[in-house]
Amino acid sequence: MENVSAEKLSQLFLSGAYNLSNNKEYINELNVFPVPDGDTGTNMTLTIMAAATELAKLPEKNLDNITAAISSGSLKGARGNSGVILSQLIRGFCKDIKGRKELTVVDLASAFIRGTETAYKAVMKPKEGTILTVAKGISTKASELVEEDPEMDIVSFADQIIEYGDKVLLNTPEMLPVLKEAGVVDSGGQGLMEFLKGAVAALKGNPISLNEYDQSINSSKNITNDNVSNEKKSISEISTADIKYIYCTEFIIMLKEELPLEEVEKIKEYLLSIGDSLVCVADTDLVKIHVHTNHPGLAFEMALKYGELTRMKIDNMKEEHNERIFNEENAAAKNVSEDKSEVVGKDNSEASEEEAAEKKDFGFVQVAAGEGLCQILREIGVDQVISGGQTMNPSTEDILTAVNKVNAETVFVFPNNKNIILAAEQAALLSNNKKVIVIPSKTVPEGITAMLSFSDDMSAEENKEELTAALENVKTGEVTFSVRDTVIDGKSIKKGNIMGIGENGIAVVSEEIDGAALLLVDYLVDDETGLVTIYYGADRTKEEAESLGDIISNKYEDIEVEIHDGGQPVYYYLISVE
């Protein structure tokens, strides 16, 4: 085989995307950090499948529209650091082959190099022993191969690339001590290799198909749907007070072993004891759950007894309800306005402009999960709060959509999670009608502290410096549960342990929630501390949080303690120290 046509490239990409998707749980298991987050495999899959969706929409294919579709799709759909880096590898590769009719090994080698260069540039502080290292090894090997034989067979070229890529991947633990300690290779690098192996399978005439459960997870097989009402109402006729259970919670349990029917019934019984609107899909190797509950964390903890969790998604239904009312009322108002215009024959454009929100110099977007946190952010002046965080990384397109809703010349974006910063920076690059400045906040408390440092009297650049500097004035920690057994930072952690996570990793491990919280406060507090703020999550009560606050106040008499209802899922407490 001497070249790759446009149609063949399309097949290679889809086969690679499906292989990555099929292996995402294995990739997720390689994650060293045992927190219940979106995970590398999931984020990379969501990114690549966004590109695959754009590719599938093309009525006819040539190299230019194929590269445009997968580059744009992966960039907009990029989630998490691993997803953003993957999108940049794709973007650089696509830029290099633009304008060609067919691809030779020389073209492919050149595109690999450009893809790697583009990805490295997207990361402020590239770290070796990661997906970047694997990509660099592959591009270097590709360059060496075509220098030796620029007319070599593409299949032979691909086989040698895969062989060398696997060697680089196996060496990643020697570059990152945390990988060596846990006894795993880099998960992002593994994801890249799964994508390439899927592409090579198609090159050899054996394209990979998407796993059956990925295609039909919402089928009616073994579905039970409880407490479903056929009564239909207008959204605006339903009060948020009627919403008994706030969080729409969805996830999949990847089973350790097939469950007997009676065990599935126990799962249903437990979930109905803490919620309603249950949908339970049971299969031989997985169980898909949908439930409305006020305690998502309890649902997750129950599920962890049966296997690993994936596709975790939590939506605040009160928040969604209010947004739907707003949209419904706006649509009704628009219809009334159009009717009036038809009756009196008047142009209402001037009136619409007067009624529109006044354009501001500065606007603000922050990412948070939990109605309490969202309300706090709105109260301090945030225009758009994106629902998301550790358990659900918003995509580049999600962030860009929120930015576009803010009627301001300059919009400050606070990712509030280290795994969302790259996606926010990509959104800033894609924005073409307003200036977007990313403040690299890693937690919601950082975002709150930085926001309070904003001044209308300063320029955008001056505020950028001030807000970024304010991040250094607060130390934050999080209390959550472990989703897997691991060894990290010299700590042996078992699934279900309670962890206190500081800015540099897992700080404390305990068997008890409040025990971990108290140890974490001890870890964060220093001689200059004057304020400890506790945001309690959906699985903790006000009384439990106040009891914790009393213990802290008694221990540190000179430190003020504040308690706020954060309502965040998964994290029992968010703690900030100033």
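## Salt bridges and a charged patch

Q: At 22% relative accessibility, how does D514 count?
A: This is a predicted model, where local features need pLDDT of at least 70 and side-chain atom pairs count only at pLDDT 80 or more, while totals for chains, interfaces and linings use all residues. Residues are numbered from 1 along each chain as its sequence is written, and side-chain values use heavy atoms, with hydrogens and water left out. Buried means under 20% relative accessible area, exposed means over 50%, and partly exposed is in between (1.4 Å probe, protein chains only). At 22%, D514 therefore counts as partly exposed.

Q: Which residue meets D514 in a salt bridge at 3.1 Å, N to O?
A: Side chains of opposite charge can pair when their charged atoms come close. A salt bridge here is a side-chain nitrogen of Lys or Arg within 4 Å of a carboxyl oxygen of Asp or Glu. At 3.1 Å from N to O, the partner of D514 is R540.

Q: How far apart in the chain are R540 and D514?
A: Helices (H or I, at least four residues) and strands (E, at least two) are DSSP runs, numbered from the N terminus. D514 sits in helix α22 (residues 513–524), and R540 sits in the loop between β15 (531–536) and α23 (542–555). So the pair links distant parts of the chain, with a separation of 26 residues.

Q: Is R540 buried or exposed?
A: R540 has a relative accessible area of 14%. Because of that value, R540 counts as buried.

Q: Which residue joins D514 and R540 in one network?
A: Salt bridges that share partners make the network. Along with D514 and R540, it takes in E544.

Q: How many residues apart in sequence are the parts that E409 and K359 tie together?
A: E409 and K359 form a salt bridge, with their closest N and O atoms 3.6 Å apart. E409 lies in strand β8 (residues 408–414), and K359 lies in the loop between α16 (349–355) and β6 (360–368). So the separation of those parts is 50 residues.

Q: Which residue forms a salt bridge with K197?
A: The closest N and O atoms of this pair are 3.1 Å apart. K197 is in helix α11 (residues 187–203), and its partner, 31 residues away, is in helix α8 (residues 154–170). That partner is D166.

Q: How many salt bridges does the structure hold in total?
A: The pairs K197 with D166 and E409 with K359 are among them. The total is 18.
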